[in-house]
Amino acid sequence: MIAMHFFLSLLVLALFSSCSPLQLDPGAQTPIEAFKPTGPIRVALVLGGGGARGLAHLGAIQELEAAGIRPDLIIGCSAGAMAGAIYADQPTLEGVPEAMLTLKKADLLDYTYFRPLFGLVEGESLQKYMQKTLKAKTFADLQIPLIVVATDLISGEVIELCHGDIGPAVRASCAFPGYFKPMLLHGRYLVDGGASCPIPVSIAKKYGAQVVIAIDLSEKLPKAGPRHLFGVTKRSLEIAHKKFVEQSLLQADVAVSMNFDEVGIFVDHMNETFFQHGKETMQKHMARIQELVQKPKQPEGNLVPHTDLQVIAR
């Protein structure tokens, strides 16, 4: 059995090593306009990735809205980019959760059998879904400022998308490696923001947000150990991602971890479960969030030290 796995590994490596790499014309890159706050950012909401688990974001957001807490800035990565765009477009979320609960992976995953070398899913269906769902077409049309995070596949840079059309930006942020093809945008090949910045708290801090609420949809590590070399690689990547997320959450003022068990990223039958879990988890931390939000605004240059505000909400 071990010999068979080893043989298959060599076969896969041999197959892909003979393929041509992605090529870009450096002169084709266009500048990506930076985010420019129009005023002080008191509260920023940071939404991490998680595939279908992104419905938990909408449940959590509904609780924030019910408590009268609306962010001045939303920063979304992958599934968080989808949820963030929907929230920024329709802050009251009227009718949105009900519509999203019927969402199926077939609505978003357009598998391709034509040159699937760099990904099995085109991403066009996801982009069209966002364009159909959102009233706004560009970032400028949104009711709440939004930054969508993606990763430059060639340079490794964290890319902040906050101008122009929303659909392609969200598609790029959701381009999960191994599933979605990289998205060619602004003369760059972009993939899932989770590859470089899974919980973009640092971006919220960069723009001076005084209270950062971060929502993490990560799964717990699988209980079963790996059975072969691919399993060892997969688990090692999961550990690295988990540590990366934990370090990012330490920068947040309130870090809400959903602590999902092993449910996968593309499932259809748990939409209601994800949504309700998001509501219930956020409810547990509303008192702390309200306490922070209601504190008097700190004058610039005399901010309360970050460690005085920090809380990890589990």
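Which residue forms a salt bridge with lysine 36? The partner is glutamate 33, and the closest N and O atoms of the two are 3.7 Å apart. The model is predicted. Lysine 36 is exposed, with a relative accessible area of 54%. Glutamate 33 is partly exposed, at 44%. This pair is one entry in a count of 14 salt bridges. Before the others, consider the chain as a whole.

The chain has 11 helices and 9 strands. It holds 314 residues, and 47% of them count as buried. Take the contacts in the chain with a separation of 6 or more: residues 24 or more positions apart account for 77% of them.

The largest nonpolar core has 66 residues. Within this core, Met130, Leu161, Val170 and Ile215 touch the most other members. Helix α3, residues 79-89, gives the most to this core, with 7 residues. A second, separate core has 22 residues, including Ile75, Cys197, Ile203 and Tyr207.

Isoleucine 215 is then in contact with Leu45, Val46, Leu47, Gly48, His57 and Ala60, among others. Its contacts also include Ile199, Val256, Met258 and Met282.

In α6, 8 of its 8 residues are buried, and the helix is mostly covered. Val170 is one of these buried residues. Arg171 and Ser173 are also among them, as are Ile166, Gly167 and Pro168. Ala169 and Ala172 belong to the buried set too.

Phenylalanine 176 sits in the loop between α6 (166-173) and β5 (183-185). Phenylalanine 176 is partly exposed because its relative accessible area is 33%, a value that lies between the 20% and 50% limits. A nonpolar surface patch of about 570 Å² includes this residue.

Which rings pair up? The count comes to 3 aromatic pairs. In one of them, the rings of phenylalanine 176 and tyrosine 179 have their centres 5.5 Å apart. Their planes stand at 45 degrees, so the pair is tilted. Tyrosine 179 counts as partly exposed, at 32% relative accessibility.

Phenylalanine 260 and phenylalanine 274 make another pair, with ring centres 5.4 Å apart. Here the planes are at 85 degrees, so the pair is edge-to-face. This pair links distant parts of the chain, 14 residues apart. Phenylalanine 260 lies in the loop between β8 (254-257) and α9 (271-283), while phenylalanine 274 lies in helix α9. Are these two residues buried or exposed? Phenylalanine 260 is buried, with a relative accessible area of 6%. Phenylalanine 274 is also buried, at 0%.

Back to charges. Side chains of opposite charge can pair when their charged atoms come close. Glutamate 219 and arginine 53 meet in a salt bridge at 3.7 Å, N to O. They are 166 residues apart, and the pair links distant parts of the chain. Glutamate 219 is in the loop between β7 (211-216) and α8 (229-249). Arginine 53 is in the loop between β1 (43-47) and α2 (55-66). Arginine 53 counts as buried, at 5% relative accessibility. Glutamate 219 is partly exposed, at 27%.

Aspartate 253 and lysine 205 form another salt bridge, at 3.1 Å, N to O. Aspartate 253 lies in the loop between α8 and β8, and lysine 205 in helix α7 (residues 201-206), so the pair ties together parts that are 48 residues apart in sequence. Aspartate 253 counts as buried because its relative accessibility is 0%, and the limit is under 20%. Lysine 205 is partly exposed, with a relative accessible area of 26%.

Asp152, Glu157 and Arg188 are linked in a network of salt bridges.

Terms used: Residues are numbered from 1 along each chain as its sequence is written. This is a predicted model: local features need pLDDT of at least 70, side-chain atom pairs count only at pLDDT 80 or more; totals for chains, interfaces and linings use all residues. Side-chain values use heavy atoms; hydrogens and water are left out. Helices (H or I, at least four residues) and strands (E, at least two) are DSSP runs, numbered from the N terminus. Buried means under 20% relative accessible area, exposed over 50%, partly exposed in between (1.4 Å probe, protein chains only). Contact means heavy atoms within 4.5 Å. Patches are made of residues with over 30% relative accessible area and no salt bridge: like charges are joined within 9 Å, nonpolar side chains (Val, Leu, Ile, Met, Phe, Trp, Tyr) within 5 Å. Accessible areas come from the Shrake-Rupley method with a 1.4 Å probe; for residues, only the protein chains shown count as cover. A salt bridge is a side-chain nitrogen of Lys or Arg within 4 Å of a carboxyl oxygen of Asp or Glu. Rings of Phe, Tyr and Trp (its six-membered ring) pair if their centres lie within 6.5 Å; planes under 30 degrees apart count as stacked, over 60 as edge-to-face and the rest as tilted. A nonpolar core is a set of buried Ala, Val, Leu, Ile, Met, Phe, Trp, Tyr and Cys residues joined through side-chain atoms within 4.5 Å. Lists of a residue's contacts leave out its neighbours within four places in sequence.
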